[in-house]
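Dear colleague,

I am passing on the structure we spoke about, and I would be glad if you could look through it alongside the notes below.

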Amino acid sequence: MNIFDRLQSIDKRILYVLLFFAIAFPLVNPVPLPMAIAPPTRAAYEWMKSLPDGGVLWVGGDYSASSIPELTPAGKAFVRMAFEKNMRVIHFTMWNTGANIMNAWLTGVAAEYNKQYGVDWVDIGYKPNATAILRHMTSNIIEAAGTDFYGTPLADLPLMQEVLALSPEYVDGIVELSTGSPGSATYLTYVVEQKGIEMVVACTAVSAAGDMPYFLSGQFKGLLNGMAGAAELEKLSGHPDKASASLGAQSFAHALIILFIILGNIGYIVNRRG
């Protein structure tokens, strides 16, 4: 068997081992890759920079475990930017699956910046009939939600004594991490259009085509497209994390697959000519 025959019949186990290392290496040792910043991501970054120091950022975490690789890194990047501006952060989710996911990483990021719960950030968590709760919170958060993620009355938390409603008088902007409905469209309908609060959205890649018209119309002030958008924001904000590493792993894996396709075709063409 000549070398060109071997190129067409490489043991699949070898391919799997090489693919494993191509994915694992950039995850363990992130490799900085050249990255073009998409205009919707840059718009989201500039919008975050424009928010007032010491203001209030509302974070909607409306996703499930399947969207963690795409949306959690985006959320972390936004919240880190907010804490660096000494903004206070309030989280609410309309997905019951989002409550534990969001609380876990919000707690971790808050610890990075030594932020005090109840004063610097609050996790309202999930409430049944969440869309109706969201609409009610535009006039009275404490009356609508009652308690936080831990069951503590919101009225007992210093931050919620200051932020009485999801309205421009109290909230400077909204970051929505959205993977479906209820999600970005719900905020757009009941909060952004009704109350006039500006919003940026991080969505899964499969949802980007549906959300892009809202960015182009100016209804969304920025839009992060899946993991790529999260990695772009990590780069702009100076906080490379899971999205950047995962994007590197994707790139290495794709490059390896393309290489083997090329080698296999070279072997086929040469043997056929022979």
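The notes below go from the overall picture to the sheet and the helices on it.

This is a predicted model, in which local features need pLDDT of at least 70 and side-chain atom pairs count only at pLDDT 80 or more, while totals for chains, interfaces and linings use all residues. Residues are numbered from 1 along each chain as its sequence is written, and side-chain values use heavy atoms, with hydrogens and water left out.

The protein has 12 helices and 6 strands, taken as DSSP runs (H or I of at least four residues for helices, E of at least two for strands) and numbered from the N terminus. Of its 274 residues, 48% are buried, meaning under 20% relative accessible area with a 1.4 Å probe, protein chains only.

The 6 strands form an open sheet with parallel pairing, in the order β3-β2-β1-β4-β5-β6, where two strands pair if DSSP finds at least two bridges between them. At its edges lie β3 (121-126) and β6 (223-225), each of which pairs on one side only, and the twist averages 15° from one strand to the next. Strand β5 (residues 199-203) is joined to β6 by 3 bridges, and Val 201 stands opposite Leu 223 in β6.

Helix α10 (residues 208-216) packs on the sheet and touches β5 and β6, its direction making about 160° with that of β6; contact means heavy atoms within 4.5 Å, and angles run from 0 to 180 degrees between N-to-C directions, with axes fitted to C-alpha atoms, for helices over the stretch in contact. Helix α6 (residues 130-137) lies across β1 (56-62), β2 (88-93) and β3, and runs at about 145° to β2.

Terms used. Buried < 20%, exposed > 50% of the residue type's maximum accessible area, 1.4 Å probe, protein only.
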